[in-house]
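Here is a short briefing for a first look. Please keep the sequence and the 3D view open while reading.

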Amino acid sequence: MFTILSRIIHYGFKNFWRNGLLSTAMIAIMTLSLMVFSGLILANVATDKAVSFLKDKIDISVYFKNTAPEDNILSIQTALEGLPEVKSVEYISSDKALEIFKAEHANDPAIIQSLDQLGANPFQGSLNIKAYSPDQYEKIDQYLKADALVQYIEKVNFAQSQTAIEKLSSLISGVNRAGLLLTIILTLIAGLVVYNTVRLAIYSNRDEIGVMRLVGASNVFVRGPYLIEGLIAGFFSAVISTVAMLVLVGLVPWIFSQSASSEVALPGFSFNGYIYANIFKLFLYQLVFGVGVAMVSSFIAVRKYLRS
Amino acid sequence: MIVFQSVSKLYNGSAPALEDITFKVDPGEFVCLVGKSGSGKTTIIKLLTGEEKPSKGRVFFGQYEVNKLGSKELPPFRRHVGVVFQDFKLLPMKNTYENVAFALEAAGRSQEEIKELVPQVLDMVGLSDKLANFPHELSGGEKQRVAIARAMVHRPEVIIADEPTGNLDPFNTWEIINLLQKINQLGTTLILATHDKEIVNNLDRRVVTLDRGRIIRDEERGKYILV
């Protein structure tokens, strides 16, 4: 068993080396496919970041009448936090709202002065509510319309931003769905391209496979080296594609000049940073995809010639 | 040792390739299978190596009933049979030594055995100086000698040669035929399919003549006679 296995591995490497041109072509095509594949991963990460960034910007605020007792506001907050749709509720008391306003306009003496002249605090207490998903705001809005609550509430700003939220919400789910579909289709294409390359390589060896069978080689012994070749090609493709990705990413600031880095488009997120931090994971994904597709393709493609 | 029992073979739709073939080959015999192209020589060989299954009848080889072997049992069975083809069927990416060694490696033989046996057989076919050459660097006669070395390296009980001289000039033809005779003299059964009249008449061995899928003549010390 061990002799057979070591011979299979030996032949896998030897064939890979001797079929130099074919092996190079296979690696080239697999590298391109893997770059598409890793491009998809990065695109998904970027859209995820963009979407969650947008999602985070959405909230609804409930402004309470000045007559509403703070205890009631706090109990409404607790009740809201109990809702399954609600991610977080932040209470901003009228004092705090005033503080924030003052801090924001500290450099604007006219405004501070007019506030002082007003004497009383013009701000209302409010709750900032964030939901898990944008399409849940409608429900929260409904909840706030309950009779027991309406008496304390001055206004809910959902109505004003409703169309914006709905548009964004459908946009986000659209982007997510399109991204998923695109990922599936392109992954499939990349997989098929690799499969076809492997199939052609093995097709050119079909006579050899027949000869091996005729001199008494078992199916495992015939198929094994092709699987090893697939494994080697997958490994090299993953390495090359990862290196290519690093080089490309390194070029990004140079291409867009220094001023327009990717951080401008997506605050708090940098492509380079993400790739450098996750390079090992990205390499692993490509390795699994490349080696997996190549070996499965070899397995299927050889099977056809192992029947007689 | 080899027995064909009322064997018929039909390929889809066309006239039968073999019809009701019955014959026997004893150990150590040298049998010529003769007949025109399409008379069924190659079909008999394919049935014997298990490449094809008979439509009717049974094929025995020693303790094996060849027509019943599944794709798992075929590889070990084939190590008892050495086959030589008209088109050599060498592995183009392997050199002379590796082509011969491959048959032993596939059978799981040890590296020591391989290192001992392969040079021995290659010496016997006169190719000791071409171990590292690839098939495309060899002449037709040399290629066929590599193929014969490969066929005999695991000492099979029978060697089947399907038109082994079809692609060779007269000089190389006789080299190959003499080599096959030598192998037969050492005790290996030999089945030679050919349509070369001169070879058959000069060999003066058993001749089984086929015509349109039937055996029309089976003579000890026969001649090449069609019709």
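Chain B has 227 residues and a radius of gyration (taken over C-alpha atoms) of 17 Å. A compact globule of that length would have a value near 17 Å, so chain B agrees with the rule. That rule is 2.2 Å times the number of residues to the power 0.38. This is a predicted model: local features need pLDDT of at least 70, side-chain atom pairs count only at pLDDT 80 or more, and totals for chains, interfaces and linings use all residues. Residues are numbered from 1 along each chain as its sequence is written, while chains are lettered from A and ligands numbered from 1 in the order in which they are written.

**Chain B**
- Chain B holds seven helices and 10 strands. Helices (H or I, at least four residues) and strands (E, at least two) are DSSP runs, numbered from the N terminus.
- Its C-alpha atoms fill a box of roughly 45 × 40 × 30 Å along the principal axes.
- Of the 227 residues in chain B, 45% are buried. A residue is buried if 20 or more other C-beta atoms, placed from the backbone, lie within 10 Å of its own; it is exposed at 12 or fewer, and partly exposed in between.
- Take the contacts in chain B between residues at least 6 apart in sequence: 65% of them join residues at least 24 apart. Two residues are in contact if their C-beta atoms, placed from the backbone, lie within 7 Å.

**Chain A**
- Chain A has 12 helices and four strands.
- A compact globule of 308 residues would have a radius of gyration near 19 Å, but chain A has 31 Å.
- The C-alpha atoms of chain A fill a box of roughly 100 × 45 × 35 Å along the principal axes.
- In chain A, 25% of the 308 residues count as buried.
- Among contacts in chain A between residues at least 6 apart in sequence, 86% join residues at least 24 apart.
- Chain A is divided into domain 1 (2-54 + 168-307) and domain 2 (66-151). These bounds come from an automatic or database domain assignment.
- The centres of the two domains of chain A, taken over C-alpha atoms, are 52 Å apart.

**Where the chains meet**
- The contact takes 19 residues from chain B and 17 residues from chain A.
- On the chain B side, α2 (74-78) and α3 (96-106) each supply at least two residues.
- Helix α3(B) gives the most to that side, with four residues.

**Nonpolar cores**
- The largest nonpolar core has 96 residues. Such a core is a set of buried Ala, Val, Leu, Ile, Met, Phe, Trp, Tyr and Cys residues joined through C-beta atoms within 7 Å.
- Helix α10 (residues 219-255) of chain A gives the most to this core, with eight residues.
- Residues with the most contacts inside the core include Leu48(B), Ile160(B) and Ile191(B).
- Not counting residues up to four places away in sequence, Ile160(B) touches Leu48(B) and Ile191(B), among others.
- Another core, of 14 residues, lies apart; among them are Ile76(A), Leu127(A), Ala131(A) and Tyr137(A).

**One residue up close: Ile209(A)**
- Ile209(A) sits in helix α9 (residues 206-214) of chain A.
- Ile209(A) counts as buried because it has 22 C-beta neighbours inside 10 Å.
- Leaving aside neighbours within four places in sequence, Ile209(A) is in contact with Val222(A), Val302(A), Tyr305(A) and Leu306(A).
- Ile209(A) and Leu306(A) are 97 residues apart in sequence, yet 7.4 Å apart in space, C-alpha to C-alpha.
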